[in-house]
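Work through the exercises below with the sequence and the 3D structure at hand, and try each task before reading its solution.

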Amino acid sequence: MTAKKSEEKPVDNPDEKFTYKIENVVATVVVDIEEKMDLNVIARKYPDVEYNPERFPGLVMRIVEPKATILVFSTGKMVVTGMRRAAEAPTVVDDVIKRISKCKIKISNPRIIIQNIVASGDLKCSIDLNMAAVVMEYSMYEPEVFPGLIYRMQEPKTVFLIFSTGRIVCTGGKTKAIVAEAVEKLYHAVREYDVAREPGEETNFEDEEEMTFL
């Protein structure tokens, strides 16, 4: 029975007036195998997988529901990406193991570790990036190279890309709670550092072109 698809909706904090949503969850998986897996056997069994060992040593498998892309290596290691919720990982991995087992490959005992959660968000204000680069420690801003400011938050340990429009990307968090804490902390930080510009407030910086990289 196929589980009903659950879409990740933006999280809106009515008191703080910021939003964010999970865009991608990345997990690594290690399984027990008796010998190295022959990825050619899996590729022949499933025409929809991609395997070109001359270009990349792993096999690429895609799961439709929940949507995910899995890199499978002969050592039994896997990388799962494209999920919207960490809770989807066990279902995805179970599906992959069942497909591999049908190739008469003995594989068991998967250990899943969430490595990274990527979220996008909106602080609902403009940001003076030039000033932010001066007053916010652990930040880097080189507009000639990249239109966003890179801010390395120390606690919780995450990395933000901040654009002048107030749009942000958060990466490095390993749980949804960490992402939520980091975004809220950033929301308050830009106001404490006086680099936030509310709607209608005059600014002395030009809008930067945002880049899509998720």
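Helices (H or I, at least four residues) are DSSP runs, numbered from the N terminus. The model is predicted, so that local features need pLDDT of at least 70 and side-chain atom pairs count only at pLDDT 80 or more, while totals for chains, interfaces and linings use all residues. Residues are numbered from 1 along each chain as its sequence is written, and side-chain values use heavy atoms, with hydrogens and water left out.

**Exercise 1.** Find the helix that holds Met131, and decide whether Met131 is buried, partly exposed or exposed.

*Solution.* Begin with the position: Met131 lies in helix H3, which spans residues 129–135. Next, take the relative accessibility of Met131, which is 38%. Because buried means under 20% relative accessible area and exposed over 50%, with partly exposed in between (1.4 Å probe, protein chains only), Met131 counts as partly exposed.

**Exercise 2.** Are Cys103 and Cys125 buried or exposed, and how many disulfides does the whole structure have?

*Solution.* Cys103 has a relative accessible area of 10% and is therefore buried; Cys125, at 4%, is also buried. A disulfide is a pair of cysteine sulfur atoms within 2.5 Å, and a search of the whole structure finds zero of them.

How values were computed:
Helices (H or I, at least four residues) and strands (E, at least two) are DSSP runs, numbered from the N terminus.
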